[in-house]
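This report looks at the pockets of one protein and then at one of its strands. Please have the sequence and the structure at hand while reading.

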Amino acid sequence: MRRQELIVRWEGPELALVIDSPEQARGDVLLCHGLAGDRSGPGGVFTDLANELTAQGWRVARWDLPGWGDSGGTPETLGFDDLVQSMEEVVRVVAESSPPGRPLCLAGHSVGALVALAAAERVQPRSLVLVSTDLTPGSRIVRPPGGAIRGGAFRLGPAFWQQRRRLDPHAVLSRLRCPVTIIAGAQDKRVTDALALAPPASRLVTVADADHLFVTVRERQCLALELCAALDEVKEHR
């Protein structure tokens, strides 16, 4: 495996990007973390997934969303659209070193899954995997007092909430043409309740005993297996 650590300079805040490449790649996978996280994912789960996927022949790109980790910007000044645009920029960077026709797959965790969903409509990936994502329509999203999240440890500016309210995940899912896999922990009640409204074409996977973060070794093994299974379907979908 070869690892590249890059700083992406574009019209938005600088992005800290890591790309892990096998000797011969069968496709590209982008992993997008959630709020208050970084490219390693919660508890390092994205690092583990990247190692597993690279061993399976996938080139994996992970980056810190604007305002988080080693990327530029601050959460208070950035909107949801800035996060989506950062993913589109990473898609562009990855495509520059990919041969024409190589499959592109998007995956995300929590709000990072919503970022992947919003980006998917424009970049048209071969597969989309949403993990621990709340599919509640934006019209039902209520901004917490002061935009505070994580018990007040972080604050998101008005632009984030306004732009998130414009996103209707179910409507976007119904328009996508690629296979969609939605993975949730059985103990993540808010997410599993929202899954009841997911379009029937989506592949729904519930991991027993897991919560939002997939913290145990067994839960992470299940997550890796389901993600690999979703990616294995790519060769069947042209």
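Which helix gives the largest share of the lining of the largest pocket? Helix 4 does, with 3 residues.

## Basis of the model

This is a predicted model, in which local features need pLDDT of at least 70 and side-chain atom pairs count only at pLDDT 80 or more, while totals for chains, interfaces and linings use all residues. Residues are numbered from 1 along each chain as its sequence is written, and side-chain values use heavy atoms, with hydrogens and water left out.

## The largest pocket

A pocket is an open set of points on a 1 Å grid over the protein atoms alone, where a 1.4 Å probe fits and protein lies on both sides within 12 Å along at least five of seven lines; its lining residues have an atom within 4 Å of a point. The volume is the space filled by probe spheres set on the points, which are joined across faces, edges and corners. For the largest pocket this space is about 470 Å³.

The lining of the largest pocket has 20 residues, and Ser110, Val111, Asp134, Ile141 and Arg190 lie nearest the centre. At least two lining residues come from each of helix 3 (111-123), helix 4 (158-165) and helix 6 (189-195). Helices (H or I, at least four residues) and strands (E, at least two) are DSSP runs numbered from the N terminus. By type, the lining has 9 nonpolar, 5 polar and 6 charged residues. Here Ala, Val, Leu, Ile, Met, Phe, Trp, Tyr, Cys and Pro count as nonpolar, Asp, Glu, Lys and Arg as charged, and the others, Gly among them, as polar.

## The second largest pocket

The second largest pocket has a volume of about 150 Å³. Helix 1 (45-55) and helix 7 (217-232) each supply at least two of its lining residues, and helix 7 gives the largest share, 5 residues. Among the lining residues are Val45, Asp48, Arg220 and Cys228. The lining divides into 5 nonpolar, 2 polar and 3 charged residues.

In strand 2 (residues 15-21), 7 of 7 residues are buried, meaning under 20% relative accessible area with a 1.4 Å probe and protein chains only. Leu15, Leu17, Ile19 and Ser21 point one way, and Ala16, Val18 and Asp20 point the other way.

Strands pair if DSSP finds at least two bridges between them. Strand 1 (residues 2-8) runs antiparallel to strand 2 and is joined to it by 7 bridges; Arg2 has Ser21 as its bridge partner. These two strands form a hairpin with 6 residues between them. Strand 4 (residues 58-63) is also antiparallel to strand 2, with 4 bridges, and Arg62 in strand 4 stands opposite Val18.

Methods. Buried < 20%, exposed > 50% of the residue type's maximum accessible area, 1.4 Å probe, protein only.
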